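I opened this notebook to record a few look-ups in one structure. The entries follow the order in which I made them.

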Amino acid sequence: MSAKLPFSAWLGLGGNLDDPMASMARALRSLDARGDTRVISVSPVYRTPPWGKTDQAWFRNACAEIQTTLEPLALIETCLEIERTLKRVRLERWGPRIIDIDILAMQDEAGRAVVIDETSLILPHPRIQERAFVLVPLNDIAPDLHIAGKSVAEWTTDCEQSGIEKARTNAGWWLEQL
């Protein structure tokens, strides 16, 4: 695939059970192997404290930019299917997980933000501004992306980042994980 695909999307990936880096790598490779999607860039991996439900293991988080022909609702269903394939079990909100894939933002071919408010998907993601575990890795790959009136770089500067540290610095980590 050499031509630009009609949608750009930014994904947040994370997990805190088993080997989250391996799960995130498998998810990214699954997306990249599809004929309708390709991975454009991937952030380093960060070790982050739990958010929402704090009595659990720390997470590994990363973000990725993809290009895809999938419409937003088809993309979220694809991400959920990859989670199921990787044995994601949803027991409690914000609870421990082997993998989580969120669509953070999407743009059409002209660079216009895709805005959607459906039961299965809200774009841009409604809590990006509050979540350093998303903003810090997203800032590595898309500092100029505008969400809710500010750039990711601006949101990152304004967000509390205590405890967040790089776990893997190279962006090619997802190709190295087995």
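Basis. I worked on a predicted model, in which local features need pLDDT of at least 70, side-chain atom pairs count only at pLDDT 80 or more, and totals for chains, interfaces and linings use all residues. Residues are numbered from 1 along each chain as its sequence is written, and side-chain values use heavy atoms, with hydrogens and water left out.

Helix 1. I took helices (H or I, at least four residues) and strands (E, at least two) as DSSP runs, numbered from the N terminus. I listed its buried residues, among them Pro 20, Met 24 and Leu 31 (buried means under 20% relative accessible area, 1.4 Å probe, protein chains only).

Ala 27. I found Ala 27 in helix 1, residues 20–33. Ala 27 counts as buried because its relative accessibility is 0%. Leaving aside neighbours within four places in sequence, I noted contacts of Ala 27 with Leu 13, Ile 82, Leu 86, Ile 99 and Ile 101 (heavy atoms within 4.5 Å).

Ser 8. I placed Ser 8 in strand 1, residues 7–15. Ser 8, at 6% relative accessibility, is likewise buried. Beyond four places in sequence, Ser 8 touches residues including Glu 65, Gln 67 and Met 106.

Rings. I looked up Arg 47 and found it over the face of Trp 58, 4.1 Å from the ring centre (CZ of Arg or NZ of Lys within 6 Å of the centre and within 35 degrees of the ring normal). The charged end of Lys 150 sits over the ring of Trp 155, at 4.4 Å from its centre.

Technical notes:
Buried means under 20% relative accessible area, exposed over 50%, partly exposed in between (1.4 Å probe, protein chains only).
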